[in-house]
Amino acid sequence: LHRLLEQYLSVKEITSNDLGNRLHLAVAYRKRGLTAAFERSRNALEKAMDEQPLRDAFFYHTHYQLTWEKYHTATAQNPAVELPLKDLASSIDLFYLSSRLRLICFALAQQSVYHADMPDFMASKIVALAEADHWAAEPTVAVFLHCYRMLKNLEEEVHFQRFKQLLQQVNPLFKLDEMRELNTFAINYCIRRLNDGRGSYLQELLDLYKSGLASGHLIVNGVLSRFTYHNIVGAGLRSGDLDWVNFFIHEYKNALERSYRESSFSFSLARLEFARHRYDAVLELLQKANYRDPLINLAAKTLLLKTWYELGEHDLLHAHLDAMRNYIHRKRVIGYHRTNYLNIVRFTDKLLRLNWNNKKEVESLKNELAKEEVLTEKEWLLGQVG
């Protein structure tokens, strides 16, 4: 029964692609020598391909395969038929270039996150080939080519602007999952620029998030990732558009995974109330939720830390810092997150013990905060030092 269920899922997946399904049918007719049935299927498939809007890598691969099938059938009737080299080469080149550029973009994106050396000895040659006038004019190549330039040359903003324009143009030409990838490349670029201190990219980031929500590119099988949800709330709060943040939090609550829905919703509302300086509401919301995800739990503990400080509850805050430090060690939070949250605890503790009458000590803490690279709450902490 399990094997039958797996076979059903496999067939269901294969037949879900209409063009691929029609191509397999045409191949089956050709292999059985049913020339009339093949021609009927081939003509119908060619018409369907011309009429549908997609012009992604799969489209050109399907066009390549169909051209081969057409040639094989023709040679069976007339061995002297000339091989359609131009059509075959054009289709396979577009398929290869767009697919290969897509991988190069993924490699660059991963390299920026993991800071690893990921050499691709063919990358420069592939990019050079794609930059030829004939290929660079093709949307399926151009969008990945400009994505590559954007990721490769962070400081040259013209590449981001051109890529953003192309995203609008190619939207009908790509499947939803591919458009999601392309939008994610642009979003991550904006986040990197913001992390580099380029505040002008905050509005660019919000615009990408809003268009991604409107088009459905950020929704996967009806679900909005809780991480994307939190990132959008963070960007909105940073922009100061609190009314829109409130709308977003409520509007997309039910799009969250059910197991994380209430905790993500209450935490996001708590962040909004903190921005509104409604600290009692923050405490009430944070006490309601059960944050099973360690990173969300730490983010909630950080928000509670800031709330206790704003309320002047220093005794409660001292106890909270000890509990938070123990939680980080107990949960063995790794890498960047461990360093970041331990730094938050350390600097908040220093802030509480600071002798405000000693200008040298205050200035020393301010300089230490400014130099710390791994500290997500740097802006808030610097704001308290003055």
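Contact here means heavy atoms within 4.5 Å. The model is predicted, with local features requiring pLDDT of at least 70 and side-chain atom pairs counted only at pLDDT 80 or more, while totals for chains, interfaces and linings use all residues. Residues are numbered from 1 along each chain as its sequence is written, and side-chain values use heavy atoms, with hydrogens and water left out.

Confidence is given as pLDDT, the predictor's score for each residue from 0 to 100. The chain has a mean pLDDT of 91. A value of 70 or more is reached by 97% of its residues. Helices (H or I, at least four residues) and strands (E, at least two) are DSSP runs, numbered from the N terminus. Confidence is lowest in helix H7 (residues 133–136), with a mean of 86. It is highest in helix H13 (residues 242–251), at 98.

Helix H15 spans residues 279–288. Its buried residues are Tyr279, Val282, Leu283, Leu285 and Leu286. Buried means under 20% relative accessible area, exposed over 50%, and partly exposed in between (1.4 Å probe, protein chains only). The cover over the buried residues of H15 includes helix H14 (258–275) and helix H16 (294–311).

H14 and H16 also pack against each other. Their axes lie 11 Å apart, at an angle of about 25°. H14 is therefore roughly parallel to H16. Axes are lines fitted to C-alpha atoms, for helices over the stretch in contact, and angles run from 0 to 180 degrees between N-to-C directions. Angles under 35 degrees count as roughly parallel, over 145 as roughly antiparallel, 65 to 115 as roughly perpendicular and the rest as oblique. From H14, Phe267, Ala270, Arg271 and Phe274 take part in the contact. They meet Ile296, Ala299, Ala300, Leu303, Lys306, Thr307 and Glu310 of H16.

The loop between H14 and H15 holds His277. Phi of His277 is positive, near 65°, in a residue other than glycine. His277 is exposed, at 57% relative accessible area. Asn221 also has a positive phi, near 55°. Asn221 sits in the loop between strand S1 (219–220) and strand S2 (223–224). Its relative accessible area is 77%, so Asn221 is exposed. Most residues other than glycine have a negative phi.

The structure contains zero disulfides (a disulfide being a pair of cysteine sulfur atoms within 2.5 Å). For Cys105, the nearest cysteine sulfur is that of Cys147, 3.6 Å away. That separation is too far for a bond. Cys105 is buried, at 0% relative accessibility. Cys147 is buried too, with a relative accessible area of 0%.
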